[in-house]
Amino acid sequence: MLVLSGVSYRYAGYARPAIHDLDLRLDDGEIVGLVGANETGKSTICLVASGLAPASIGGQLTGSLTIDGETMTGRAVHELAGRVAIGFQNPSTQLSGVARSVFEEVAIGPMNLGLEIPEILERVHRALARLRIADLAERPPARLSGGQSQLVAIASLLAMEPRHVVLDEPTAQLDPEGTRLVGAALQSLAEAGTALLIVEHKTDLLDTLCRRVAVVSDGTIVADGPAGEVLEDPRLEGWGVEPPARVRLAAALRARGLDPATVLAP
Amino acid sequence: MSFYLTLPVAVSVVLVSVFTRAGTTILFTIGPFDATLQGVDFAAQIVIRLLAISLAIGLYGLTTDPTALVYDLERRGVSPRFAFVANATLQAVPSMVERATTIQAAQRARGLDTEGSPVARARGVMPLVAPVILSSLLDVEERSLALDVRGFSRPGRRNLLWSSRDRAVERVARWAMSAALLVVVVLRLSGAFPQLV
Amino acid sequence: MTAAVHLAGLVHVYPDGTRAVDGVDLEVAAGESVAIIGQNGSGKSTLVRHLNGLLRPTEGSVLVDDIDAAGLRVAQLARHVGLAFQDPDRQIFSGRVKAEVAFGPRNLGLRGPGLDEAIGRALSAVGLADQASTNPYDLGYSRRKLLTLASVLAMGTPIVVLDEPTTGQDAPGIARIQGVIGGLTAEGRTVIAISHDLRFVAESFGRVVVMRAGRIVLDGPPVGVFAEHNWPVLASTNLEPPPPALVGGRLGLGSTPTLDALLDALARRA
């Protein structure tokens, strides 16, 4: 379980905090979606939840990040391994660029942990199997499609065997096929017990994936609850978030005096 | 390739030393310049040394896989972070080229004339160079976060998946070359090679 | 009426042998808005880069505003075609928004009040009028993308080409871009865009061209392209019609590619 409590974070060199009064909880096996207009603090929340802010990028954090009951304040970056990992939207900056095959790429993380060779090999096999990309093992990373690269980047995170995974817009740069691939992979990941925090603009995707959704506006969380409820909140558009297609359709029908349930029955 | 690179240097050294070196034996004369035997000797020594260096570099390039070298160094005790930086640098050029190509295309699409007058082309330097630097810096920020997540900052050794085969032939060759070097140095110092002039 | 763009038998083979465009005939009239869709590798990016001369055909011809593109340099074609690239960080070089937007029109010879006016209008269109003195890197990624859009708008070209304008944008950003496209067509300018966002495509463009393996497989207005009888073709290129089209098809309402079309069809039936 990952808990952010009373968190404010100010980037180094900036006067105002990017996020403030933030409380967020992520339970095991849960997928939580994070939505909001751009520049409202979603990426900052990801960096804080992953511990990289402030451990890697500096800045000032007030409040606490607690993972499985242990507080993460003051810990070095490499102590985060196994607890939480973060993935970003651009697959090419996450691949190391020095691996000659996908297998090697995914193995880099476990190698850095100083594990013994048999353990490294097992972790790589497990990570590739979890995302169903074992058939890409021999492929050179340069010859992967966008969606495949993103899956390899996520597999590289999984090989660290974190109990919590934070993903900042994993499908932003992918085509519909790539988005489907990643969506399916994340679903099976959560089914296996990993806790996921995903930032996305694609509310249709979050509608199918997430158990809970939180809305970020102006540096803090303004709504947090079951996905169905939050995505149907009429205030979403005011927060700069586009509701899923089914919600927009139902709302538009009601606005015209039609009842969605009857009208949409086949 | 390294041979071709030394050619201009070699040619200019030869021209300068053959004709300007003070010496007693004059071979031939062109205008006010005398070509001396001492000049030829000096030039020959320099050229041979240049050749030796460039051939050695060329031989290294032909026989050594740089990535394998870096990992082997790591196995012998060099820090894993050095190994990564060295390897990443080796791979950096193709990605820099690709980045620069995209940037150049984007600026040409905005009317930057890469085929115009020198003045016009000089004005094009900032729009071509600045985005390369800025986007590389942004890139580096995100890359280093991604590396942190995968444990690159963890102190200590790691067990590498790779191992290089050290064949008997290669081991013998290494010993033989070291021995040959020793022999040559001893002979040179003991005066077994006479001066020509 | 002159054709803004006329591609005839266009083929493009890359040096490594990839046949990215495999025989394309396309005519776009002045003032049309066209979206080109298709999965990655279908040839969309290769195709549009012929419009301003960044790529030259291996076979076939490219006519822009009735002029043969073969005889013009990229900088000259930039007078006719403004191409906005996908990644803003691969073109921003200036420390001030205003100077960044000025680059394109300056290259085309604009100066003085004419230049200021072009910049002002472009910045207003994308909602960055109050950021003229800001450093582009103090803006977030999505506003930097809007900045590159403004940089192309300011060039005042009759044809505007957008490469993935909505990736990374939030809902207000996408609405802003839709407004820009509407404004361009109202001025009689031609808009061609590559996009993965099929909802944005169905709502904002008068014509949709679907590419697969270097060829055009569907070409027509959204109501035609996203109609049920074309779903197998779309599926063959890993595309799914936007949700309103799916709902409309399931309910037997005919082709309803946008929410408004679906609502109209439902209201008529109710």
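Two residues are taken to be in contact if their C-beta atoms, placed from the backbone, lie within 7 Å. Please keep in mind throughout that this is a predicted model.

Let me begin with chain A. With that criterion, 67% of the contacts in chain A with a separation of 6 or more are accounted for by residues 24 or more positions apart. The secondary structure of chain A consists of 11 helices and 10 strands. Its radius of gyration is 19 Å, close to the 18 Å that the globule rule gives for 266 residues, so chain A is as compact as a globular protein of that length. The C-alpha trace of chain A spans about 65 × 45 × 30 Å along its principal axes. Of the 266 residues in chain A, 53% are buried.

I turn now to the contact between chains A and B. Here 27 residues of chain A are in contact with 23 residues of chain B. On the chain B side, α4 (80-109) and α6 (125-149) each supply at least two residues. The largest share of that side comes from α6(B), with 7 residues. By class, the side of chain B that touches chain A has 9 nonpolar, 6 polar and 8 charged residues.

Why is α3(C), residues 97-107, described as largely enclosed by the rest of the structure? The reason is that 8 of its 11 residues are buried. Those buried residues are C:V97, C:E100, C:V101, C:A102, C:F103, C:G104, C:P105 and C:N107. Just after α3(C), C:G109 takes a positive phi of about 100°.

Finally, consider a pair of helices in chain C. The axes of α10(C), residues 243-250, and α11(C), residues 259-269, come within 8 Å and cross at roughly 25°. Angles under 35 degrees count as roughly parallel, and α10(C) and α11(C) are therefore roughly parallel to each other. The crossing in which α10(C) passes α11(C) is left-handed. From α10(C), the contact is made by C:P244, C:V247 and C:G248; from α11(C), by C:L259, C:A261, C:L262 and C:A265. By class, this contact of α10(C) with α11(C) has 6 nonpolar, 1 polar and no charged residues.

Thank you for your attention.

Terms used:
Residues are numbered from 1 along each chain as its sequence is written. Chains are lettered from A and ligands numbered from 1 in the order in which they are written. This is a predicted model: local features need pLDDT of at least 70, side-chain atom pairs count only at pLDDT 80 or more; totals for chains, interfaces and linings use all residues. Helices (H or I, at least four residues) and strands (E, at least two) are DSSP runs, numbered from the N terminus. Ala, Val, Leu, Ile, Met, Phe, Trp, Tyr, Cys and Pro count as nonpolar, Asp, Glu, Lys and Arg as charged, and the others, Gly among them, as polar. A residue is buried if 20 or more other C-beta atoms lie within 10 Å of its own, exposed if 12 or fewer, and partly exposed in between; C-beta atoms are placed from the backbone. Axes are lines fitted to C-alpha atoms, for helices over the stretch in contact, and angles run from 0 to 180 degrees between N-to-C directions. Angles under 35 degrees count as roughly parallel, over 145 as roughly antiparallel, 65 to 115 as roughly perpendicular and the rest as oblique. A crossing is left-handed if the near helix is turned anticlockwise from the far one by less than a right angle, and right-handed if clockwise. The radius of gyration is taken over C-alpha atoms; the globule rule is 2.2 Å times the number of residues to the power 0.38.
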